[in-house]
Amino acid sequence: MAETRRTRIPRPAAPAPKPQPLAEQENLPVAGGRMKRKGVSPNGKSGPLAKRTTATALTTAAPRSAAAAAPVSASAPASAGDDGAWEAVAAETGWTPADCLGHKLAFAKRADAKAKVEVLAAHVKRLRAAGWHLLDARDRTAAEAAETGARAAAEAAGRREDREAADAALQEVQAQLGAATAAAAQTDKALAEQRAQVERLQSELAGARDSLRQAQEAERSAAAEGQRLREQAEELQAQGKALSEMQQQAQKYNAQLQEYNARMQKELQSANEALARTQAEKAALAEECAALKGRVTALEEQLAGVAAASSSTEAARASALEHASRLRGEVVAALAERNTANAEAARLRGELEAARKEVKRFREATGKDVGALEAEKTARGALELRTRAQAELNSNLHEQVILLREQKELSEARAEKSTAEVKKLTAKVKKLEKELAEAERKVVEGEAVRKRLHNTIQELKGNIRVFARVRPPAAGEAAEAAPGAPVLSFPAAGELAGRGLELQQPAAGKGGDAQAHSFAFDKVFAPQASQGEVFEEISQLVQSALDGYKVCIFAYGQTGSGKTHTMMGSPEEPGMIPRAMDQVFATARELAAQGWRYEMRAAMLEVYNEELRDLLGKGPPAGKKHAISHDDKAGTTVSFLEYVDVSQPERVASLLERAMRQRSVGATAMNEQSSRSHMVFMLHIDGANEGTGQKAKGLLNLIDLAGSERLSRSAVTGDRLKETQAINKSLAALGDVIAALGNKEAHVPYRNSKLTHLLQSSLGGASSKTLMFVNLSPSLESAQESLCSLRFAAKVNACEIGTAKRQVTTGR
Ligand SMILES: Nc1ncnc2c1ncn2[C@@H]1O[C@H](COP(=O)(O)OP(=O)(O)OP(=O)(O)O)[C@@H](O)[C@H]1O
């Protein structure tokens, strides 16, 4: 039909669509209908649709008979169509163009030739309309094909350009990455130098502080010694003064005593003399009295003789009377003399009595008698001796005072020297402190640069990273796929050194070939890598939690591949969790110098058979369950979960021990101590900077996942089978979440497992950073499991999750 039409009315041939490469066709975007509807070719010129319009115009312009349709057989539809109006024919007959082409004409038996010709002409018109219609359809299809081809070519060109631009951007990013890495290395070096300088300055400062402390101590002890000596000297001086006063007083008293003694002796002597004189006078008077008594007696005898003789003679009596009167005169005189002597004796007796009284009075007044005076003398002698001794002591003390004064002067000189040294040291300390402050400022600046670079590198590398770690072979464990071909090997040089890993899968049967599978990750740790080396690589990530990021580090791998060893480790070789805690505390202490204060709360729980279990607390009350909730402000919370304040680092070790004891441990055919649950350590970090008013809210999740082995291999039944199914389900859910994040899907199936629901805010959120360890056993019998783990890890590694933003708020 098309060909027939082409002979009658030549139509411009539509350009054949260019065949497109399959890949490009596959890559065609679904959009494009808009251009088709508008009838504009992708290059902007008139496209096939325009051509079709031209062809239609030609057809319309062609002379066509307008004969009316002749009646045909009763079975044929009535013809009323015209040349170009297939739609009219179709409306009239209800045919499709194929019906029309396949229609057989049937004439009425008695129809004459004219009628037949008319029927024929009418059918020819219908056929022509059908032909035109089919040609139009072909043209349209060809035009659409051409349009699609052109658009595909344009889009392919666009995609090529995009790819080239992407390549250029990638190169630029790689160059940036290189530059950033170099800058980071330089900064690290500068930081290390600054740290070394700070350490040197700190040690100098510590030395200077020690010397200063020593000097200050020496100064203090010298001052104390000086003070003690001064006090001693003052005491001695006071003692000396008191002693000299005492001595003076004693001397004065002594002199007084001596004076008094002399006076008393003089008085005693005069009293003794007076006594002796009085006694002598008394004796003389007694003698005179006795002599006078003898004379009186003799005179009385004479008188008696005279009186006797008077009787004999009167004359004699007169003379005798005369003599008697004379004698009487003499007696009177003698009596008067005797009275005088008696009066004198009485006076002397009175004097003696007075002298005695005086002596008595003196004795009473002094309480001393001669013996006492002797004792006084002896005491005075002793006093003199003491005085002499005191004088000696005094002179000794004086010498000591001089000595102490000299010592004091020496100490003062030393103290002055020390003070000068202290001043010098203080100035040095001040200088060192200034240098230290400067160095610390530089460190702070370096720290800020480090953070920036770390985050830039992290952004460039993507916020989900994968590290592979292969444990050493256990005793008796075969680790070769074929002689000399280890199951897991590591490229020692080239681009993949430190990042590449090759797995040799043993031949399936005899004569088969071993298969090699190559993988590349962000980092690969060979069996000899120590815990410290591994931690070194994640320390920056751990640091991010203090900077306000939500960090999630988990260990994935089959049972017995070294997950628990990597995350928890042993007391001899502590794993990532204890090391991370140490680093967090150490860094928090360092950041305190920049005004940061942190509050840290830890919780530990396990996800066992899709149930949460608190490893530190008692768990929910009977009939209740732990419930997970996420809130922008409060972050992730789990009801009835015990959060422990770990601002004191000493508490962490015992917490980890407690949690590990509580963790569900069961035995499988793979590992006698296989952990059958996912263990999650959560550390909430709330930081506030007093100086700047900044606040940072970070979260560190460290997860030891349960073993990922396949059911067939772990040979478990019953409860263990249920456990393994639950583990596999949650691991699959974790993979799905990561894949959905990587594909930027609108819905991320966090709620498909308790583990992913719990980690929702830390996986793929705006401020989250994720690292996965894929732990591998080097054993031959684990090769298949290792391959599964590596494939899972490779899928995770291929995901690119958006740029993380730290949760820092400013302002008070
Ligand atoms: N890097 C390593 N260096 C030395 N020994 C290791 C290393 N990794 C693992 N091991 C040892 O291998 C054994 C199994 O390791 P581990 O218990 O950590 O495995 P796992 O993956 O946690 O197993 P499960 O999933 O059953 O808990 C342990 O005895 C552990 O000490």
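Among contacts in the protein chain between residues at least 6 apart in sequence, what percentage join residues at least 24 apart? The share is 77%, where two residues count as in contact if their C-beta atoms, placed from the backbone, lie within 7 Å. The structure is a predicted model, in which local features need pLDDT of at least 70 and side-chain atom pairs count only at pLDDT 80 or more, while totals for chains, interfaces and linings use all residues. Residues are numbered from 1 along each chain as its sequence is written.

The protein chain has 812 residues, of which 27% are buried. A residue is termed buried if 20 or more other C-beta atoms lie within 10 Å of its own, exposed if 12 or fewer do, and partly exposed in between, with C-beta atoms placed from the backbone. The secondary structure comes to 17 helices and 19 strands; these are DSSP runs numbered from the N terminus, helices being H or I of at least four residues and strands E of at least two.

The largest nonpolar core has 86 residues, and Ala-468 and Ala-545 have the most contacts inside it. Helix α15 (residues 718–742) gives the most to this core, with eight residues. Apart from it lies another core, of seven residues, including Trp-86 and Trp-132. Such a core is a set of buried Ala, Val, Leu, Ile, Met, Phe, Trp, Tyr and Cys residues joined through C-beta atoms within 7 Å. Not counting residues up to four places away in sequence, Ala-468 touches Leu-501, Phe-521, Val-524, Phe-525, Val-774, Leu-776 and Ala-793.

Helix α15 also holds Asp-736. This aspartate is partly exposed, because 17 other C-beta atoms lie within 10 Å. With residues up to four places away in sequence set aside, Asp-736 touches Pro-749 and Asn-752. Asp-736 and Tyr-750 are 14 residues apart in sequence, and their C-alpha atoms are 8.7 Å apart in space.

An open sheet is formed by three strands in the order β4-β5-β6, with antiparallel pairing; strands pair if DSSP finds at least two bridges between them. The edge strands, each pairing on one side only, are β4 (488–489) and β6 (515–520). Strand β5 (residues 500–505) pairs with β6 over six bridges, and Gly-500 stands opposite Ala-520 in β6. Helix α17 (residues 783–798) packs on the sheet and touches β4, β5 and β6, its direction making about 145 degrees with that of β5. Axes here are lines fitted to C-alpha atoms, for helices over the stretch in contact, and angles run from 0 to 180 degrees between N-to-C directions.

Helix α12 (residues 576–592) has 17 residues, which at 1.5 Å a residue should span 24 Å, in agreement with the 24 Å between its end C-alpha atoms; the expected span is 1.5 Å times one less than the number of residues. Its buried residues are Met-576, Ile-577, Pro-578, Ala-580, Met-581 and Val-584. Among the elements that cover them are α10 (531–546), β8 (550–557) and α13 (650–662).

In α13, Val-652, Leu-656 and Ala-659 are buried. Seen down the axis of α13, these buried residues fall within an arc of 70 degrees, so they line one face of the helix; the arc is that of the directions from the helix axis to the C-beta atoms. They pack against α12 and β9 (596–608). The face turned away from the buried side of α13 carries the exposed residues Glu-650, Ser-654, Glu-657 and Arg-661.
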